[in-house]
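Subject: Structure handover

Hello,

Here is the structure I said I would pass on.

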Amino acid sequence: MRRRLSGRALERYAQRYGVLVALVLVMSYVTARSPHFLTTANMLNMLDQSAVEGLLAVGMTTLMITGSFDLSIGSTLSLTGALTLGLAPSMGFPLAALVALAVGIVAGAVNGLIVVKAGINSLIVTLGSMSLIQGIVLIYSKGQTVAGESHTHGLGTFANDREWLPNGTWVMLIIALVMTFVLTRTTAGRYMQASGGNPDAADLAGINVDRYKVLAFVLMGALAAIGGMLYAGRLGSIDPTAGSGSELDVIAAVIIGGTSLMGGSGSIWRSLVGVFLLTVLGNGFNLLNIDPYYQYVVKGLVVILSVAIYTRRVRR
């Protein structure tokens, strides 16, 4: 009995702190092998690189807590980034940013409404919208990279200025704090978790499950739009396929962070640690001159291991 309880306790700690332990181990290994890893410049660079995916992970964690996924966030990021850069010269950065934000919100709302009203699995719906939005980006950009002009200075300031941390990192951290408070301290957050954990019971309790699922999709679309602005502002240009693949990286980070695949529970901060773990792996591979193709192998193994631990816990 004591052995069984110890095993369960160990598994519970692994779920809560495993991603943090993995991050510490990977950072310790790379630090021991490369003197360039644990420098202020490299740490700030990795935080800057993690900001956009961290922002997307906040939205994806919230969405997965309600029991859904969104595969269209990479396309939405590309579209909103291209719109911001393309419209800013004629209407200014603030108005262009509002247009991009509105586009992201509409994309999320349409995805959410189709999922809840038509009763179609979110993976299927967002797989279709991913292709649809990617086509719109290619039409808008004519398949060319959209570059910024001097009028987009405000966008560059939004994404790049720094006192201590890059602005993008501050934006990500503030939104993560707000959403952590909403999910853990407010009625809306508890309703979102109930809507994903047991939708039938939540419905019988009088919770409007569809409303909270759509709200999670709207939040995801808005954060993808802000991510697009940060991405475009940081580089001063954006390729129409820039966001391709980011949705899978974000979902991988959220799974590594222990968010339930079936909805109902998850942690934004563990998801952010998962994002930073994947960034550290990529940075470490570069510093140690390891073939970057092995990153995909390691990333896949980490995700499979995380899912295996989660599945084992659910079956018990």
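Below, contact means heavy atoms within 4.5 Å. Please also keep in mind that this is a predicted model.

The α2/α7 pair

Two packed helices are described by the angle between their axes and the distance between the axes. For helix α2 (residues 40-65) and helix α7 (residues 167-185), the axes come within 8 Å and cross at roughly 20°. Angles under 35 degrees count as roughly parallel, so α2 is roughly parallel to α7. The crossing in which α2 passes α7 is left-handed.

On the α2 side, the contact is made by Leu47, Asp48, Ala51, Gly54, Leu55, Val58, Thr62 and Ile65. On the α7 side, Gly168, Thr169, Met172, Ile175, Ala176, Met179 and Leu183 take part. Sorted by class, the contact of α2 with α7 has 10 nonpolar, four polar and one charged residues.

One residue of this contact can be looked at by itself. Thr169 is found in helix α7. Is Thr169 buried or exposed? Its relative accessibility is 1%, and buried means under 20%, so Thr169 counts as buried. Leaving aside neighbours within four places in sequence, Thr169 is in contact with Leu47, Asp48 and Ala51.

The α4/α5 pair

Helix α4 (residues 93-118) packs with α5 at an angle of about 145°, and their axes are 9 Å apart. Here α4 passes α5 in a right-handed crossing. From α4, the residues that meet α5 are Ala107, Asn111, Ile114 and Val115. Their counterparts in α5 are Ser122, Val125, Thr126, Ser129 and Ile133. By class, the contact of α4 with α5 divides into five nonpolar, four polar and no charged residues.

Two loop residues

Lys142 is placed in the loop between α5 (122-141) and β1 (146-147). Its phi is near 55°, a positive value in a residue other than glycine. With a relative accessible area of 68%, Lys142 is exposed, because exposed means over 50%.

Asn289 lies in the loop between α12 (268-287) and α13 (293-315). Phi of Asn289 is near 55°, again a positive value in a residue other than glycine. At 71% relative accessibility, Asn289 counts as exposed.

Regards

Terms used
Residues are numbered from 1 along each chain as its sequence is written. This is a predicted model: local features need pLDDT of at least 70, side-chain atom pairs count only at pLDDT 80 or more; totals for chains, interfaces and linings use all residues. Side-chain values use heavy atoms; hydrogens and water are left out. Axes are lines fitted to C-alpha atoms, for helices over the stretch in contact, and angles run from 0 to 180 degrees between N-to-C directions. Helices (H or I, at least four residues) and strands (E, at least two) are DSSP runs, numbered from the N terminus. Angles under 35 degrees count as roughly parallel, over 145 as roughly antiparallel, 65 to 115 as roughly perpendicular and the rest as oblique. A crossing is left-handed if the near helix is turned anticlockwise from the far one by less than a right angle, and right-handed if clockwise. Ala, Val, Leu, Ile, Met, Phe, Trp, Tyr, Cys and Pro count as nonpolar, Asp, Glu, Lys and Arg as charged, and the others, Gly among them, as polar. Buried means under 20% relative accessible area, exposed over 50%, partly exposed in between (1.4 Å probe, protein chains only).
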